[in-house]
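Please look over the model shown here alongside the notes that follow. The points are numbered, and each covers one place or one feature.

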Amino acid sequence: MAYTPKNGKVDYVVFGLSVFLIFCLLFESFMELPVWVAWLGRWHPLILHFPIVLLLVAIFLGLTGRPIPNLLLTLAVISALITAISGFFLGKETGGKGDLLLWHQWLGGGLALLSAIWYGLEGLPLKHKVPVKIIQVLVLGLIVITGHYGGMITHGEDFLALPKDKKQDIIPENPLIYAHIVQPILENKCVKCHNPNKRKGELLMTDIPSLIKGGETGTALVPGNPMESEMIRRLHLPLEDEEHMPPKGESPLTESEMGILEEWISLGASDTLQLEHLESTQPLTALIKEMMEPDPLEKWTSLPVVADTTLIGLGSDYLTISRLASTTNALKVNVYMPPQYDPQMVLKLEPIHQNIVELDMSGLPLGMAELAFAANCPNLEWLEIDRSPITDVQLDTLKNLSKLRLLKVYETQIGNQSLPILKQWNTLESLYIWSTQVSESALDELKRENPDLLIENGIDTEIKSYFQALDSIPKNENP
Ligand code: HEC
């Protein structure tokens with residue numbers, strides 16, 4: 001059973017490439033590649049498509065009992081060998097190899113060599129076709145598995161996993177600064193290129209000691225000194241700078257993310273530091289508090305769905321309804337003074353009362369019925385009832401609004417009797433209250449009990465006239 005080279009010199013090429021590949025795989029740790037060879041590795045992601053397609057066609061023909069054109073198999077095998085060798089170069093260039101890369105490398109090498117054996121067998125006058133068929137099935141299996149490992153290397157280990165529920169990222173009450181805040185930022189924006197499987201610049205960003213150890217150019221993190229820390233220096237480079245991190249095309253860090261990393265490093269890059277340990281005046285405290293605010297769009301996802309047609313049907317020249325963001329069911333309602341006011345124009349909003357988050361009824365001759373309607377809007381966060389004839393009695397109806405953040409009650413008849421209600425609203429952030437019966441001392445008392453509440457009492461005339469202008473223009477337009 002003498003071997004008869006079918007393709008003459010081409011057979012030697014296949015043999016030579018196979019030997020070279022085996023050599024690479026076996027003696028990898030003794031090899032030091034010149035730069036231009038490493039550069040060849042960058043073609044791997046492009047050329048790997050050729051052997052996949054060619055081999056799949058050849059396998060299909062073989063398994064269905066059709067003749068495989070010699071040229072097809074030759075090209076398939078040579079491209080498979082070249083792909084495996086280029087992949088080896090690419091892996092060398094990337095530096096430290098993780099498990100995924102090692103698996104991918106050995107599977108890919110095996111795949112190319114098995115294809116070469118198949119090619120060799122095709123040149124022999126075999127009586128039985130069974131061994132060849134077995135090889136074809138094995139090659140098919142290897143293509144799938146190798147491709148999968150390759151995908152995990154480039155897209156991350158869980159890229160075929162179903163999308164994760166974002167809720168699991170919720171930050172606890174008193175977070176650990178490193179584990180709950182810093183690491184997720186790095187995880188999102190850096191780790192996909194700086195992990196054990198893909199260690200760009202030899203830098204691992206999965207834990208603090210690795211950051212301190214650093215990469216090719218030395219330490220990436222100097223505890224206590226953000227400006228000396230390479231990982232921070234690179235964030236501040238101009239976007240188009242070669243060394244900017246993350247590289248061009250990746251989404252850069254936001255200002256507050258950068259601030260958090262810097263402040264955490266300034267404070268010593270500790271992994272035990274918690275929010276509670278920080279002074280409230282620390283810049284890091286504000287940055288983290290801001291980050292912990294729930295995404296407003298997310299908090300509104302449970303609101304009932306309202307159709308655009310409903311909104312158009314309820315609106316009029318004197319009543320506008322708009323969504324707070326294009327995709328949300330949270331609504332903002334503005335009511336303007338019509339020539340003949342009828343409380344019914346507010347009351348007919350009943351079908352969408354759960355969706356109203358902002359309600360502006362300033363300047364209207366409001367009575368009990370409208371206030372009772374407002375009190376029945378469970379998601380109300382923003383309420384303007386300024387320049388209306390309301391009194392303490394009517395304000396009292398609002399006391400169960402549990403999400404109210406902003407209230408405008410200036411130029412109304414309310415007095416000190418409303419103080420207890422204003423005090424119990426712990427969600428309230430801004431209060432616009434001037435020209436009422438509420439005394440200065442009552443406001444001082446409120447301020448003392450609720451120091452975070454912003455009380456705008458009309459002393460700043462600029463703000464006052466700004467809000468008056470903002471609120472009155474549309475109404476004057478509609479006489
Ligand atoms: C798309 C891949 C990618 C992402 C994402 C990425 N890097 Fe890099 N990083 C690289 C490459 C490639 C190098 C090596 C080339 C160089 O030094 O610029 C590198 C090098 C570095 C180095 C220098 C290592 C050394 O010692 O030479 C630091 C520090 C660094 N990155 C930090 C970061 C930080 C911080 C982030 C996240 C904000 C990040 N990288 C995200 C690809 C990435």
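1. Leu273 sits in the loop that links α11 to α12 (283–292); helices (H or I, at least four residues) and strands (E, at least two) are DSSP runs, numbered from the N terminus. Leu273 is partly exposed, having 19 other C-beta atoms within 10 Å. For that term, a residue is buried if 20 or more other C-beta atoms lie within 10 Å of its own, exposed if 12 or fewer, and partly exposed in between, with C-beta atoms placed from the backbone. Leu273 and Ile177 are separated by 96 residues in sequence, but by 5.8 Å in space, C-alpha to C-alpha. Once neighbours within four places in sequence are set aside, Leu273 is in contact with Ile177, Tyr178 and Leu267; contact requires that the C-beta atoms of two residues, placed from the backbone, lie within 7 Å.

2. On provenance and numbering: this is a predicted model, in which local features need pLDDT of at least 70 and side-chain atom pairs count only at pLDDT 80 or more, while totals for chains, interfaces and linings use all residues. Residues are numbered from 1 along each chain as its sequence is written.

3. Ile177 and Tyr178 also belong to a helix pair, as they are among the α8 residues that touch α11. Helix α8 (residues 177–189) packs on helix α11 (residues 255–266) at an angle of about 135°, and their axes are 10 Å apart. Axes here are lines fitted to C-alpha atoms, for helices over the stretch in contact, and angles run from 0 to 180 degrees between N-to-C directions. The angle makes α8 oblique to α11: angles under 35 degrees count as roughly parallel, over 145 as roughly antiparallel, 65 to 115 as roughly perpendicular and the rest as oblique. The crossing of α8 and α11 is left-handed, that is, the near helix is turned anticlockwise from the far one by less than a right angle (clockwise would be right-handed). On the α8 side the contact uses Ile177, Tyr178, Ile181, Val182 and Ile185, and on the α11 side Glu257, Ile260, Leu261 and Trp264. By class, the contact of α8 with α11 has eight nonpolar residues, no polar ones and one charged. The classes are: Ala, Val, Leu, Ile, Met, Phe, Trp, Tyr, Cys and Pro nonpolar; Asp, Glu, Lys and Arg charged; the others, Gly among them, polar.

4. How do α1 and α6 run relative to each other, roughly parallel or roughly antiparallel? Helix α1 (residues 9–26) and helix α6 (residues 99–122) pack at about 155°, with axes 10 Å apart, and are therefore roughly antiparallel. α1 passes α6 in a left-handed crossing. Val14, Ser18, Leu21 and Leu25 of α1 meet Gly109, Ala112, Leu113, Ala116 and Tyr119 of α6. This contact of α1 with α6 divides into seven nonpolar, two polar and no charged residues.

5. The ligand is surrounded by 22 residues, the closest being Cys190, Cys193, Lys200, Gly201 and Gly215; a residue counts as near if its C-beta atom, placed from the backbone, lies within 6 Å. Helix α10 (residues 230–235) gives the largest share of the shell around the ligand, with three residues. By class the shell holds nine nonpolar, five polar and eight charged residues.

6. Some backbone values deserve a check. Most residues other than glycine have a negative phi, and most peptide bonds are trans. Glu202, not a glycine, has a positive phi of about 65°. Glu202 lies in the loop between β2 (198–199) and α9 (208–213). Ser435 has a positive phi near 50° and is placed in the loop between β8 (430–432) and α19 (440–449). The peptide bond from Met245 to Pro246 is cis, with omega near -10°, and Pro246 is in the loop between α10 and α11.

7. Arg387 occupies the loop between β6 (382–384) and α17 (392–396). Is Arg387 buried or exposed? Arg387 is buried, with 22 other C-beta atoms within 10 Å. Leaving aside neighbours within four places in sequence, Arg387 is in contact with Ser362, Gly363 and Glu411.

8. For the whole protein, there are 20 helices and nine strands. Buried residues make up 29% of the 479 residues.
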